[in-house]
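Reader: I am new to this structure and would like to learn how its features are read. Could you take me through it slowly?

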Amino acid sequence: MLTGSQINEVFALIRRAGGIVTEASAGLKHIKDKAGTANYVTEYDVSVQAYLIDGLKKIVPSARFLAEENDVCTDDFDKGSVFVIDPIDGTANFISDFGHSAISIGYCENGRPVFGAVYNPYRDELFSAVKGCGAMLNGNEIHVSSRDTEHALILFGSVPYYKEKYCHSLFSYLADIYPRVSDVRRMGSAALDLCYVACGRGDAFFEYRLSPWDYCAGGLIAEEAGAVISDMDGNDLHQPDATSVICASAHETYDLLMGLYEKYR
Ligand code: IPD
Ligand code: CA
Ligand code: CA
């Protein structure tokens with residue numbers, strides 16, 4: 001596990017990387033398409049990732065990396081120490097100056113996440129968790145909400161890179177959920193969605209298709225804050241193989257969402 005001083009160094013690094021994101025947001029961004037629909041990368045995704053990897057190598061020289069922007073080493077993921085990085089989660093928000101994107105750093109030992117940090121530089125909010133030690137927001141403990149399902153705010157991801165495959169199922173599923181809860185939200189950053197469930201701003205989150213860098217850190221933070229979490233088949237969020245995520249503050253809400261999903265899988 002990381003020592004306290006290594007964790008503090010990771011916090012300082014992720015905050016400095018946040019500065020790159022906020023300083024960029026007012027300026028012009030060079031945007032390139034990636035595979036799938038509406039999937040973009042900017043020079044900032046690439047430079048923040050390089051900055052993080054460079055800094056993390058100094059903090060944990062033996063660590064390996066699983067990172068979104070072409071720096072993937074999935075082999076032997078279940079052995080040793082691996083940082084799982086999303087340099088900018090919410091790139092579409094970043095491009096459009098929405099002010100709701102985050103940097104996500106998970107840390108796995110022998111395939112299990114043991115530490116996670118998600119930083120939203122626009123609100124200076126640093127969510128973090130250490131396995132077995134609870135979850136924090138800017139150093140203060142956080143917990144999931146105690147709202148019942150009828151009053152729940154459901155966050156979801158619209159699987160933008162796989163529209164054709166999931167569009168019909170997703171929006172039919174949402175139409176089934178919507179009348180049974182308070183409201184639904186599509187925020188644009190899966191890592192922050194998970195953290196928002198962790199701190200009680202939202203009551204559940206799901207997305208049909210995600211990658212480990214989207215959920216590694218946020219998933220641990222939600223779990224440590226008391227959320228029920230799995231993939232959408234109800235299996236453990238086994239990394240790096242899980243491709244969907246569902247998470248809720250209460251079993252009642254989780255069971256409702258999983259039950260309704262039966263019709264749409
Ligand atoms: C995306 C965001 C978005 C989610 C997508 C993700 P990116 O990450 O988390 O909310 O709907 O599925 O891929 O591409 O901005 O890092
Ligand atoms: Ca992402
Ligand atoms: Ca990203």
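Reader: How many salt bridges does the count come to?

Author: Please keep in mind that this is a predicted model. The count comes to 11 salt bridges, where the rule asks for a side-chain nitrogen of Lys or Arg within 4 Å of a carboxyl oxygen of Asp or Glu. One of them joins the side chains of aspartate 54 and lysine 58, at 3.2 Å from N to O.

Reader: Why are aspartate 54 and lysine 58 separated by about one helical turn?

Author: They are separated by about one helical turn because they lie 4 residues apart in helix H2, which covers residues 43-59.

Reader: Aspartate 176 forms a salt bridge with arginine 180; is aspartate 176 buried or exposed?

Author: Aspartate 176 counts as buried, since its relative accessibility is 12% and the cut-off for buried is under 20%. Its partner, arginine 180, is partly exposed at 40%, and the closest N and O atoms of the two are 3.2 Å apart. Salt bridges can also be linked into a network, as they are for Arg123, Glu125 and Arg201.

Reader: Which residues form a negative surface patch?

Author: The patch is formed by Asp148, Glu150, Glu252 and Asp255. Aspartate 148 sits in the loop between strands E10 and E11, and with a relative accessible area of 34% it is partly exposed.

Reader: Turning to strands, which side chains of strand E13 lie on one side and which on the other?

Author: The general idea is that in a regular strand the side chains alternate between the two faces of the sheet. In strand E13, residues 204-207, Ala204 and Phe206 are on one side and Phe205 and Glu207 on the other, and both faces are covered, with these four residues all buried.

Reader: In what sense does E13 pair with strand E11, and in what sense with strand E15?

Author: With E11, residues 153-156, the pairing is parallel over 3 bridges, while with E15, residues 245-248, it is antiparallel over 4 bridges. Phenylalanine 205 of E13 is the bridge partner of leucine 155, and its own bridge partner in E15 is cysteine 247.

Note on methods. Residues numbered from 1 in each chain as written. Chains lettered and ligands numbered in written order. Predicted model: local features only at pLDDT ≥ 70, side-chain atom pairs only at ≥ 80, totals over all residues. Heavy atoms only, no water. Buried < 20%, exposed > 50% of the residue type's maximum accessible area, 1.4 Å probe, protein only. Helix = DSSP H or I, 4+ residues; strand = E, 2+ residues; numbered from the N terminus. Pairing = 2+ DSSP bridges. Patch = residues over 30% accessible without salt bridge, like charges linked within 9 Å, V, L, I, M, F, W, Y side chains within 5 Å. Areas by Shrake-Rupley, 256 points an atom, 1.4 Å probe, with all protein chains shown as cover. Lys, Arg positive; Asp, Glu negative; His and termini not counted. Charge placed at Lys NZ, Arg CZ, Asp CG, Glu CD.
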